[in-house]
Amino acid sequence: MLNQYPPAVASLIRPLPVTVSRPSEQREFFFGFAVQGSPEGLLIQTSTPRPVGYRDDVSFMLPGREEKIRVRAEVVRSMTYHPRKCLSPGMEIRFLDLDPE
């Protein structure tokens, strides 16, 4: 998903905090840091990646915007830490209902 974009487009200047929204509990939980992004989803670094297929409501702020972006997302790739194969655990999420604006 994200690998199809040139690094200059997909890489973020600084990692963006991403949270999981739980309106029923009126709070948000830290989900990880977005390190790459596209109109279709985000690559999130986290020490506790969720399994493929996990869905939740996520929120993040883009630089220069005053309102949080809130979107339903699904984990499409999960990478757990492994000393030889994966030094940066995380997950790729795909937006399910992002408004184009």
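Tutor: We'll take confidence first, then the strands, the salt bridges and the rings.

Student: What kind of model is it, and how are residues numbered?
Tutor: Residues are numbered from 1 along each chain as its sequence is written. This is a predicted model, in which local features need pLDDT of at least 70, side-chain atom pairs count only at pLDDT 80 or more, and totals for chains, interfaces and linings use all residues; side-chain values use heavy atoms, with hydrogens and water left out.

Student: What's the average pLDDT of the protein chain?
Tutor: The mean is 80, and 78% of the residues score at least 70. pLDDT is the predictor's confidence in each residue, from 0 to 100.

Student: Where is confidence lowest, and where is it highest?
Tutor: Helix H1 (residues 7-10) is lowest, with a mean of 42. Strand E6 is highest, at 93. Residues 1-10 have pLDDT below 50. That stretch has 24 contacts in the model beyond near neighbours in sequence. A contact means heavy atoms within 4.5 Å.

Student: How should I read low pLDDT?
Tutor: Where pLDDT is low, the predicted coordinates should not be read in detail.

Student: OK, new topic. How many helices and strands does the protein chain have?
Tutor: There are 1 helix and 6 strands. From the N terminus, the order is α-β-β-β-β-β-β. Helices (H or I, at least four residues) and strands (E, at least two) are DSSP runs, numbered from the N terminus.

Student: Is E6 mostly covered or mostly open?
Tutor: Mostly covered: 5 of its 6 residues are buried. Buried means under 20% relative accessible area, exposed means over 50%, and partly exposed is in between (1.4 Å probe, protein chains only). Across the protein chain, buried residues make up 36% of the 101 residues.

Student: Which strands are joined to E6?
Tutor: Among them are E3 and E5. Strand E3 (residues 41-45) is joined to E6 by 5 bridges, and the two run antiparallel. Leu42 has Ile93 in E6 as its bridge partner. E5 is joined to E6 by 6 bridges, also antiparallel. Two strands pair if DSSP finds at least two bridges between them.

Student: What is the bridge partner of Arg77 in E6?
Tutor: Glu92. The side chains of Glu92 and Arg77 also meet in a salt bridge, 3.0 Å from N to O. Glu92 lies in E6 and Arg77 in E5, so this pair ties together parts that are 15 residues apart in sequence. A salt bridge is a side-chain nitrogen of Lys or Arg within 4 Å of a carboxyl oxygen of Asp or Glu.

Student: Is Glu92 buried or exposed?
Tutor: Buried, at 5% relative accessible area. Arg77 is partly exposed, at 40%.

Student: How many salt bridges are there in the whole structure?
Tutor: The search finds 6. One of them joins Glu74 and Arg55, with the closest N and O atoms 3.5 Å apart. Glu74 lies in strand E5 (residues 69-79) and Arg55 in strand E4, so the pair links parts that are 19 residues apart in sequence. Glu74 is buried, at 12%. Arg55 is partly exposed, at 45%.

Student: Which residue does Arg72 form a salt bridge with?
Tutor: Asp57, with the closest N and O atoms 3.4 Å apart. Arg72 is in E5 and Asp57 in E4, so this pair ties together parts that are 15 residues apart in sequence. Arg72 is partly exposed, at 30%. Asp57 is partly exposed too, at 29%.

Student: Which residues are linked in a network of salt bridges?
Tutor: Glu28, Lys68 and Arg70.

Student: Now the rings. How many aromatic pairs are there?
Tutor: The search of the whole structure finds 3. One of them is Phe30 with Phe33, edge-to-face, 5.1 Å centre to centre and 65° between the planes. Rings of Phe, Tyr and Trp (its six-membered ring) pair if their centres lie within 6.5 Å; planes under 30 degrees apart count as stacked, over 60 as edge-to-face and the rest as tilted.

Student: Why is the pair of Phe60 and Phe95 stacked?
Tutor: Their centres are 6.0 Å apart and their planes are at 15°, so the pair counts as stacked. Phe60 lies in strand E4 (residues 55-60) and Phe95 in strand E6 (residues 90-95), so the pair ties together parts that are 35 residues apart in sequence. Both Phe60 and Phe95 are buried.
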